[in-house]
Amino acid sequence: MSKARTTAATPSAAPHAADSHDLIRVHGARENNLKDISIEIPKRRLTVFTGVSGSGKSSLVFNTIAAESQRMINETYSAFLQGFMPTPARPDVDVLDGLTTVITVDQQRMGADPRSTVGTATDANAMLRILFSRLGKPYIGSSAAFSFNVASIQASGAFKVDRGADKTRTVKRTFTRTGGMCTRCEGRGTVSDIDLSQLYDDNKSLAEGAFTIPGWKSDSIWTVRVYAESGFLDPHKPIRKFTKREMQDFLYREPTKVKVEGVNLTYEGLIPKIQKSFLSKDKEAMQPHIRAFVERAVTFTTCPECDGTRLSEAARSSKIKGISIADACAMEIRDLAEWVRGLDDPSVAPLLTALRQTLDSFVEIGLGYLALDRPAGSLSGGEAQRVKMVRHLGSALTDVTYVFDEPTIGLHPHDIQRMNNLLLRLRDKGNTVLVVEHKPETIAIADHVVDLGPGAGTAGGTVCFEGTVEGLRTGGTVTGRHFDDRAALKETVRKPTGTLEIRGASANNLRDVDVDIPLGVLTVVTGVAGSGKSSLVHGSLVKGPAAADEGVVAIDQGAIRGSRRSNPATYTGLLDPIRKAFAKANGVKPALFSANSEGACPNCNGAGVIYTDLAMMAGIATPCEECEGKRFEASVLEYRLGGRDISEVLAMPVTEAAEFFGAGEARTPAAHKILERLADVGLGYLTLGQPLTTLSGGERQRLKLATHMGEKGGVYVLDEPTTGLHLADVEQLLGLLDRLVESGKSVIVVEHHQAVMAHADWIIDLGPGAGHDGGRIVFEGTPADLVTTRSTLTGEHLAEYVGG
């Protein structure tokens, strides 16, 4: 047997060529407001992108780097598969070199589909279903038998099989599938009931105008008269005196052809007609009076058959150690993780290992207080982002680029350190981590910082600084100057003018909370994530009995409904006074100055671009050749106001437009007032015609705030208004909140930012922990008292922040 040969390792004279690709190079980026910028980002490091709102951070990170990576990965698939995939266009950039696979973890809220839960949005529910199908007693079927999205069906029939040469054989088959869906609520957990008293007055007859449904006029042949003249009902008899048969026909009759005054119409029972015409539509897209009617007429109650679990009785009967899958999904995830840890069966060992890892990731990321049956649509933007992170924490992938959009949103200062540790852990596994962030606590851990600016919109789009955190502090940029800003506690606080009483609040994890919220002051409701802040403010205050009496206006970060034609000018009502001013100055009608009406370019119908669908390749939007992207026909652009045409006005940023409409020939007080409100909320950089679909969550909230500031509501409820705000802009926000209070409003803010807490007149702190460890008021009083006592986690962090 020959001796094994050994060779001594000799150091290489030169580094391997593969090791030279350690940078992501971006040259000539011009996406959105980026001004031909070039930067080099180190790989396998944590890079934070910062700068004022609207400076171009998202345009660089998401719309350039992440978009091009995704596009290039998609191109590796066959043309057939690409036809089913999203097709982002190539970003406007000269060179992108050194890209790796990008995983984007953004703050887009999860879909509000009633069947989507935290468990279905991750892999946890799928693994639990398999676990119960293997270990559950009694055995009821495969994993589908435990899914509330799968209905039980049974079918049987005969079909002919052609055997050739005129030989056919009839084959009988029976098909059965056992699903876990509750048949009563169809897996939704709630059932809707229609309050008939909101549809009609049963003391009146149809001829006397019994219907109280908005838009149902007595002379309409399509609504009221089809009932009155159908022949099924006596139109002169009060509805309460209808016979059993008449009531059945009136409320539930199947669609039937009838003739009214020689016109062929379809008669349908009132309940299915209301469900089709009102309840099948998106409530947010309805006109306010229609939405108010739907909210009055329809009540959603917990399904009495499944008790809100969404599951069939059979699915709930199968148990492991006395726990059903419904019980498991209702547990807080940290408790469920402990229960799963107690299971030990060799036949499902790999499954238990994977399930434990997933549940532990939830706990590690600070979401242990959630339950798997929590509706996905009820998660905040920050919670949704962290749920998306769960699947990446245990990943064995390395050399991946992770892109995060403000991962500290919705996090208490106590939780930010935990998030920072997770970002560093992803980096230390050999990944490139790119973070768009404003919080100094997260900027401080960066290996590399890219500061964009110096301003927003057209005043931004350039790289102001690139280097280390220490270099940023002394670099003289807006971010550097404000990096160590600390808001001081108020010397004196305002005195309340009254109180809003909340008694016995028990929504979600609240424990019969009694609290008096002071009016006429700035109140901050705070506490760790999951402590019950939103349940208290939105569940008990905004939707409580006192909301209508006090004129409560809730302003959240939810998406604004609208197409790419919608913009700040149309949303705020600003376009109306502008159109009237143009019409008056030129002696023509206002409709000419709307790109959605008579003034629209006939070639592109007022869109400004022509869209060309290229199947599996990215669709192309080319500027309209006739209007050159201005959206209006040429004759409309000849009309001017103050020397500008309507397209030039819509291209103005808010600050410029405020000056334009504030004085001189174009002076329009109604428009100037709205523009001042937009500038007050920190949106001075937005152009009047910028599509709403391009706004971030924080920008959407501030746009809503600017719109509501003109209303008469007495109590404003804001949900984390510092989201997306640069350090330099927080001071402006505090000034705006002060002005609202001084104008006679009461302002209630759900917030984690210490600057807003320090500036408050009154603080309500919930906790002490999250989930079942929270739901109690742990402090009520002034910020100074909270700092002095340091009695809560919030108190400790606020004292550290103000140097107390």
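Visitor: Which residues touch the most other members in the largest nonpolar core?
Guide: In this predicted model, they are Leu128, Leu131, Leu336, Trp339 and Phe404, out of 71 residues in that core.

Visitor: Take Leu131. What does Leu131 touch?
Guide: Leaving out residues up to four places away in sequence, Leu131 touches Gly136, Ile320, Leu343, Val348, Leu351, Leu352 and Leu355.

Visitor: And what lies apart from that core?
Guide: Another core of 70 residues, including Val52, Ile674, Leu686 and Leu688.

Visitor: Back to Leu351. Which residues of helix 12 are buried?
Guide: Leu351 is one of them, and the others are Leu352, Leu355, Thr358, Leu359, Ser361 and Phe362. Leu351, Leu352 and Leu355 are also touched by Leu131.

Visitor: Why would positions spaced like that point the same way?
Guide: An α-helix has 3.6 residues a turn, so residues three or four places apart point the same way.

Visitor: How many residues does helix 12 have, and how far does it reach?
Guide: Helix 12 covers residues 349-364, which is 16 residues. From first C-alpha to last it reaches 22 Å, close to the expected 22 Å.

Visitor: What follows helix 12?
Guide: Gly366 does, with a positive phi near 90 degrees.

Visitor: How many bridges join strand 1 and strand 2?
Guide: Five, with strand 1 being residues 23-29. Ile24 has Ile41 in strand 2 as its bridge partner.

Definitions and conventions: Residues are numbered from 1 along each chain as its sequence is written. This is a predicted model: local features need pLDDT of at least 70, side-chain atom pairs count only at pLDDT 80 or more; totals for chains, interfaces and linings use all residues. Side-chain values use heavy atoms; hydrogens and water are left out. Helices (H or I, at least four residues) and strands (E, at least two) are DSSP runs, numbered from the N terminus. The expected span of a helix is 1.5 Å times one less than its number of residues. Buried means under 20% relative accessible area, exposed over 50%, partly exposed in between (1.4 Å probe, protein chains only). A nonpolar core is a set of buried Ala, Val, Leu, Ile, Met, Phe, Trp, Tyr and Cys residues joined through side-chain atoms within 4.5 Å. Contact means heavy atoms within 4.5 Å. Two strands pair if DSSP finds at least two bridges between them.
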